[in-house]
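Trainee: I am new to this structure, and I would like to understand the words used to describe it. Could we go through them together?
Mentor: Gladly; let us look at it first.

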Amino acid sequence: MTIKLAVLGLVLLTGCGTTATITRANDTTVEAKIVGGDRYDVLVEAPSGGQRSIPRSDIADVDHPGSTAGVLGGIVTAYGIANIAVGFPRCETEGPAFCTGVFLPMGIGAPIMLWGIFTNLASRRALDKPPSSATQGSLFVAPTHQFAGRPDTPGLAVGGAF
């Protein structure tokens with residue numbers, strides 16, 4: 001039981017951050033979410049708001065988020081699979097509390113592992129995708145007090161910018 005609590009505590013301590021740690025060659029490290037990049041620059045969302053670009057030539061290393069959660073979640077998931085393989089045959093005789101304990105590590109480890117994997121992959125993909133345009137299309141629908149010029153009939157106004 002102590003091992004289960006220790007593993008669970010380690011998984012919870014990994015945090016749920018989505019910022020990458022960008023180590024610059026001759027400067028400080030930057031903790032920011034990567035939103036895009038091209039051959040010359042990496043565009044990041046600064047914690048204080050707004051976006052800034054970092055020249056790729058200044059970047060020594062990028063530590064993408066999610067790797068620790070992916071590894072620890074994978075360890076807990078592997079333990080959960082072993083726990084299910086050993087404990088599942090006894091579920092009927094031991095009762096629901098025992099059976100819950102058999103499946104709990106897998107139920108905790110798999111989501112943490114998947115979150116870590118998908119967060120890591122999203123950050124890696126963002127490093128090489130072009131940043132989205134600042135001007136995106138929008139669509140709005142608003143209720144109006146008239147329709148076709150008749151004030152007694154409610155209607156909708158639809159508009160947008162593309």
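The talk below takes up some terms and sets values against their definitions.

Mentor: Before we start, this is a predicted model, in which local features need pLDDT of at least 70, side-chain atom pairs count only at pLDDT 80 or more, and totals for chains, interfaces and linings use all residues. Residues are numbered from 1 along each chain as its sequence is written, and side-chain values use heavy atoms, with hydrogens and water left out.

Trainee: How many helices and strands are in the chain?
Mentor: The chain has 4 helices and 7 strands. Helices (H or I, at least four residues) and strands (E, at least two) are DSSP runs, numbered from the N terminus. Along the sequence the pattern reads α-β-β-β-β-β-α-α-α-β-β.

Trainee: Why does His 64 count as buried?
Mentor: Buried means under 20% relative accessible area, exposed means over 50%, and partly exposed lies in between (1.4 Å probe, protein chains only). His 64 has 7% relative accessibility, so His 64 counts as buried. You will find His 64 in the loop between strand S5 (59-63) and helix H2 (67-87).

Trainee: What makes Ala 46 buried, then?
Mentor: The relative accessibility of Ala 46 is 17%, so Ala 46 counts as buried too. Ala 46 sits in the loop between strand S3 (41-45) and strand S4 (51-55).

Trainee: And why is Phe 118 called exposed?
Mentor: Phe 118 has a relative accessible area of 56%, so the word exposed applies. This residue belongs to helix H4.

Trainee: With which side chain does the side chain of His 64 make a polar contact?
Mentor: The partner is the side chain of Ser 123, at 2.7 Å. A polar contact is a pair of N or O atoms within 3.5 Å; within protein, one must be able to donate a hydrogen and the other to accept it, and residues adjacent in sequence count only if both atoms are side-chain atoms.

Trainee: Why are H2 and H4 called roughly antiparallel?
Mentor: The axes of H2 and helix H4 (residues 96-128) cross at roughly 155 degrees and come within 7 Å. Axes are lines fitted to C-alpha atoms, for helices over the stretch in contact, and angles run from 0 to 180 degrees between N-to-C directions. Angles under 35 degrees count as roughly parallel, over 145 as roughly antiparallel, 65 to 115 as roughly perpendicular and the rest as oblique. H2 and H4 are therefore roughly antiparallel to each other.
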